[in-house]
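Work through the exercises below with the sequence and the model side by side. Each task is followed by a solution in steps.

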Amino acid sequence: MKIYPSRKVRGFSLQLVLIFPFVLQVFGIVGLVGYLSFKNGEKAVNDLADQLMERTSSEVNQHLDAYLSIPHKVIQINANAIRMGLLNVRDRLKVGKYFWHVMQAYDLTYISLNLANGEGAGAARYDGKTVTIDDNVIKTPSLPKNTKTYLTDNDGNPTQVMTTSTWDILNEPAYTEPVKAGKPIWVRIYTYYDPAYPPYIVASAGRPVYDASKKLIGVVGAEIHLLKLSEFLQKLNVSRFGQVFIIERDGMLVANSAEEKPFTVVNNEIKRLKAIDSLNPVVQGIAKQLQQRIPDFQSIANTQKLKVNVQGENFYTHIVPWRDQYGLDWLVVVGIPEKTYMAQIHASTQISILLCFGALIVATAIGIFTSRWIVHPILRLNQTTQAIAFGDLQQTLQEGNIDELNTLTHSFNHMAGQLRESFIALENSNAELEERVEERTVELKTALSELQRTQAQVIQGEKMSSLGQLVAGIAHEINNPVNFIHGNITYLDEYTQNLLEMIYLYQKRHSSHDPEIQALAEKIELEFLIEDLQKMLSSMKMGTERIRNIVLSLRNFSRMDEAEFKVVDIHEGIESTLLILQHRLKDKPDRSAIEVIRDYGNLPEVECYPGQLNQVLMNILVNAIDAIDEVYIKHTYQQIQENPGQITICTSVIDSQWVEIAIADNAQGMPESVQSRIFDPFFTTKPVGKGTGMGMAISYQIITEKHSGKLQCFSTLGQGTKFIIQVPIRQKAPQAV
């Protein structure tokens, strides 16, 4: 705390009187300089306004030249590739993949190829970030939704269908107008709105492509998002205090630097606005003034400079035409309020005034500093003493210009050093004791965690082993009588056919005039009996065949306790696991069935622990079903019908030594915090009693330690989760179970 005795303040009053003339002189000089600066700034304001607006207009025109040339460069490259035969237009997915790679290099919204037969392909950024691939087939009455949009992997390969839609290529302006023009053109400004994506408003470029015989192959197109023009205008320096907007010759807004968009969304449809209807009052006011001054925008051929009044405020306005060789003809309007330039002059005046006060304060501070020069060492000693009293033992005093205070400083520093050494010795003893306690605590926690993990693994192993023995026993007990019934049905069918042949022969050789026989035949409905008997035998045979398949799947899944590597068919294990989980996949009263999409590759037989691998498949599939059920709980029945749950299982050969199993669902996915801990022991997001948190940890151990493989989890919140299992086809050194 700084304390100034009253006699010290009175002692410096003479210094303040001596300083006052110096302060007054500084104040006068700065005031004169400020006045001259004000007059010079007022004279240069008009020149500054013109230079700023011309520079802004030039910068906008240069950006338009560069930004809007990209689509036509891209479609020219694509057209050349098609004419030279470098791009096979019949391989639509390959064309889509090529466009996907082009999208990585250019900031475009859509690239397309529309063939003359109605087919097409494209790549798009509908959400502004993710690049998808479109595949269009010929639209027919039997195939109204002829367009599929695919998600892709990191190499541009289609992975799964995201949406399907109807798209009549041959009747769209993006196809008809370039064909009609016979040359590269800008088609139109195209809008589309989907609540799931940002508003879609683009400038569309198209170019017809012909073969060597001048026959039309199709139209290549490219679209570029116009909101990016608004983003560019918002970044201009002039946008902080003025407005820049671009309009078509009919007055329709293309882009503007205001926060308000150049369009509105009404009933899920984008409605473009004229500049005079803009939601920004400044843009709207400038546009109305321009329309009054220049009724026909088509007549503007050169830069127009106007001064308009908007809401009682004057604006300097420049109108600059911009056009390109492909048909675009726009007007760039820059409006800056007059007060912007005058504000700079007023700011200069304020700065001059502030400099006067600053000079006065500095001059005053010099006098005050002289008085504080004497008491500062004493105040510093007081502050250091208080800091040491509160535990900061690192404090020391610096020598000053007063000998008596220097002697006191040496004594104080010596005392503080001795006290610091005593406290350091005590802290070292405490730190050593704390380290020993912490090491012991860590050892106990590690031992407890390992014990819990081992106990959970033993319990899980015993449960799966008991389940395997139980399932194997049930399968064996069911299999014997089913085989007996299934085998006898064949003979029963043969015997029945023989008896029917006997009856037919009897009816043929002996007429049925005997009233007693005829009455009995009518009573037992002989014809219906013969027809229904054959159906019953066929149905019984199908039923026993179904039971035999179920028993076979149970026997395949029950190999939980096999302690040696086996060479098995991976697909059999997958199908056995799916059959066991069939009761959870099928349709229920409150939800539709979960669809299982199988994309099996041609896999060789793999050397593994079949039972343990089945356990991993079971854990992953059960988690996927649980995740989809959670989505079903939150959705209505209609929403479930529109977006049914799906589990996709893909198998493939990575190379000559590895195979891969990928299991993906379309549930809500996991946040990064959950995904990073998915393989941790005892970690679960399920309610108490629903899970132990060991399923995925044990699965990870089975794949990585028992099979020397890899188990990875990829999840995106709101899009689903994918687990990828990679195991070697042959094990190098089998390990003990």
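**Exercise 1: helix 3 and helix 4**

Val74, Ile77 and Asn78 of helix 3 meet Tyr98, Phe99 and Val102 of helix 4, where contact means heavy atoms within 4.5 Å. This is a predicted model, in which local features need pLDDT of at least 70, side-chain atom pairs count only at pLDDT 80 or more, and totals for chains, interfaces and linings use all residues. Residues are numbered from 1 along each chain as its sequence is written, and side-chain values use heavy atoms, with hydrogens and water left out.

Task: classify the residues of this contact and describe the crossing of helix 3 and helix 4.

Step 1. The contact of helix 3 with helix 4 has 5 nonpolar residues, 1 polar and no charged. Here Ala, Val, Leu, Ile, Met, Phe, Trp, Tyr, Cys and Pro count as nonpolar, Asp, Glu, Lys and Arg as charged, and the others, Gly among them, as polar.

Step 2. The axes of helix 3 (residues 70-83) and helix 4 (residues 92-105) come within 12 Å and cross at roughly 145°. Axes are lines fitted to C-alpha atoms, for helices over the stretch in contact, and angles run from 0 to 180 degrees between N-to-C directions. Helices (H or I, at least four residues) and strands (E, at least two) are DSSP runs, numbered from the N terminus.

Step 3. The crossing of helix 3 and helix 4 is right-handed. A crossing is left-handed if the near helix is turned anticlockwise from the far one by less than a right angle, and right-handed if clockwise.

**Exercise 2: helix 14 and helix 17**

Task: find the angle and axis distance for helix 14 and helix 17, which pack together.

Step 1. Helix 14 and helix 17 (residues 695-706) have axes 9 Å apart, at an angle of about 145°.

Step 2. The crossing of helix 14 past helix 17 is left-handed.

Step 3. Among the residues that meet are Leu613, Val616 and Ile620 in helix 14 and Met696, Ile698 and Ile702 in helix 17. The contact of helix 14 with helix 17 divides into 7 nonpolar, 6 polar and 1 charged.

**Exercise 3: Gly327**

Task: is Gly327 buried or exposed?

Step 1. Gly327 sits in the loop between strand 14 (313-323) and strand 15 (329-337).

Step 2. Gly327 is exposed because its relative accessible area is 60%; buried means under 20%, exposed over 50%, and partly exposed in between (1.4 Å probe, protein chains only).

Step 3. From C-alpha to C-alpha, Gly327 and Val187 are 8.7 Å apart in space, although 140 residues apart in sequence.
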